[in-house]
Amino acid sequence: MKICVVGTGYVGLVTGAGLAEFGMEVVCVDKDQRKISLLQRGIMPFYEPGLDDLVEKNCRDGRLRFSTDLPEGVRWAEVIFVAVGTPPNSDGSPDLSQVEGALREIARSMDGKKIVVLKSTVPVGTARWAEGVLREEAPAGATFEVVSNPEFLREGAAVEDFLRPDRVVIGARSQEAIEVMKEIYSALYLIETPFVITTPETAELIKYASNAFLATKISFINEMANLCEALGVDVHHVAKAMGLDGRIGRKFLHPGPGFGGSCFPKDTKALVHMAQRHGCPLEIVEAVVRVNERQRARMVDKIRRMVGGDLKGRTIGVLGLSFKPNTDDIREAPAIEIIKGLLREGAKVKAYDPAAMENAKRVLPQVTYCSGPYEVASGSDALVIVTEWNQFRRLDLERIKGLLKEPVFIDLRNIYEPDHMARLGFRYCGVGR
Ligand code: NAD
């Protein structure tokens, strides 16, 4: 099966390489010439563990190639995956201009019969709308079907998630399209991956409902953490005991600075927007969004309190800039918002991240970027862990204490034990402990 993936970002590139690994012949197309020439030279345009090996192996085996020539890709392929970005508009609705642009270009190059698969996260009704857009542009004689196939991969574990997903969701109108999609993912049958076959509209909502539910767990435990602080209770024990209940589950019950990334913030807002437009407001999801925004502001309050009430002229060391470990993605990262808050109040910020500093430099040029955690700590009034990269879990704490101006340690991911930190002589605080 010949497949063209349009958009070579976090999702498109993993999808292209993953489908090649499943035995498909794949061309990954992007309009960003820089990305494509890096990929043609075997260099990944972003950091994602294991992706370089998967790309290299499938290119070597001749199943994966990269191009900026979308018309050629469309003519060559039987199935075209659309994996372009759907960033938020200012009113929370997703900006579908990349999707529309891609669809129009695809349509103009269509000859014969094609299946167009929407992998981007798009509102309910987009598959139907896409059919109209394709119909407007497609030359006479071209036939097509639009399928919804939302993606659930997590950045930082994207390769594993794509190759071994919890489920595959396929929203299609014809049996023929369903059979083609089953063939594409046939490698997953072997490992007994559940398939949910449904309408495109249902598939579109499944993606938003899933992300909104996960975001709800995070905002829920963050509110519990705030209450724990007020009551003198340890949220870790609360979350652990809750999570041991099989109906609740342990995952996504980690208190912290609020969720970030390119999905949860925009997808919760898009769902709220979609529901309001249909006269069916989602009060829980609206609260989830509000709680998350407040949580970030609370983190700045926490840091201010820990340095004595005034951030002006203070130097704050920040460890971790990406929205989570094992990625260089800083879209909606809590660290970026928190640093902006610190800078607004007159603090100086030193920072280190194992992968995201180049991206951060573009949005926060005022920050002093360091070569590692110890340089960050050196001369700072406080050290703040914002992203729980593994290398921050085993810091030489005596050395850190010696380097800091004041032994103030703010652990927004609760990776250290409060009692141990107190014994070492730190003024320590976490979230909800
Ligand atoms: P991204 O911004 O990293 O990548 C999008 C790519 O599409 C860019 O490289 C851009 O140059 C390219 N592009 C845009 N228009 C194009 C066109 N007309 N022709 C060719 N290329 C074009 O985005 P992403 O993070 O990979 O997300 C893509 C979609 O997948 C979004 O809808 C997102 O919500 C969804 N999603 C993302 C994740 C994630 O973890 N990042 C997970 C699941 C779903």
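I take a cavity to be a set of points, on a 1 Å grid over the protein atoms alone, where a 1.4 Å probe fits but cannot get out; lining residues have an atom within 4 Å of a point. I join grid points across faces, edges and corners, and a volume is the space filled by probe spheres set on the points.

**Ground rules.** The model is predicted: local features need pLDDT of at least 70, side-chain atom pairs count only at pLDDT 80 or more, and totals for chains, interfaces and linings use all residues. Residues are numbered from 1 along each chain as its sequence is written, and side-chain values use heavy atoms, with hydrogens and water left out.

**Cavity.** I counted 1 cavity of 30 Å³ or more. The largest cavity has a volume of about 40 Å³. I listed its lining: Leu118, Ser120, Thr121, Val122, Ser148, Pro150, Glu204 and Lys207. By class, that lining has 3 nonpolar, 3 polar and 2 charged residues. (Nonpolar: Ala, Val, Leu, Ile, Met, Phe, Trp, Tyr, Cys and Pro; charged: Asp, Glu, Lys and Arg; polar: the others, Gly among them.)

**Ligand shell.** I found 27 residues around the ligand, and Asp30, Lys35, Thr86, Glu155 and Lys266 come nearest. (Near means that a heavy atom of the residue lies within 4 Å.) The shell holds 10 charged, 9 polar and 8 nonpolar residues. Domain 1 (2-198) and domain 2 (232-429) each supply at least three residues; the bounds come from an automatic or database domain assignment. Helix H5 gives the most, with 3 residues.

A polar side-chain atom of Asp30 lies 2.6 Å from a ligand oxygen. A polar backbone atom of Lys31 is 3.3 Å from a ligand nitrogen. An N or O atom in the side chain of Arg331 is 2.8 Å from a ligand oxygen. The protein covers 92% of the 840 Å² of accessible area that the ligand has on its own (Shrake-Rupley method, 1.4 Å probe).

**Ser174.** I placed Ser174 in the loop between strand S7 (168-171) and helix H8 (175-184). (Helices, H or I, at least four residues, and strands, E, at least two, are DSSP runs numbered from the N terminus.) The side chains of Ser174 and Glu145 make a polar contact at 2.5 Å. (A polar contact is a pair of N or O atoms within 3.5 Å; within protein, one must be able to donate a hydrogen and the other to accept it, and residues adjacent in sequence count only if both atoms are side-chain atoms.) Ser174 and Glu145 are 29 residues apart in sequence and 8.2 Å apart in space, C-alpha to C-alpha.

Methods:
1 Å grid on protein atoms, 1.4 Å probe; cavity = no way out; pocket = protein on both sides within 12 Å on 5 of 7 lines; lining within 4 Å.
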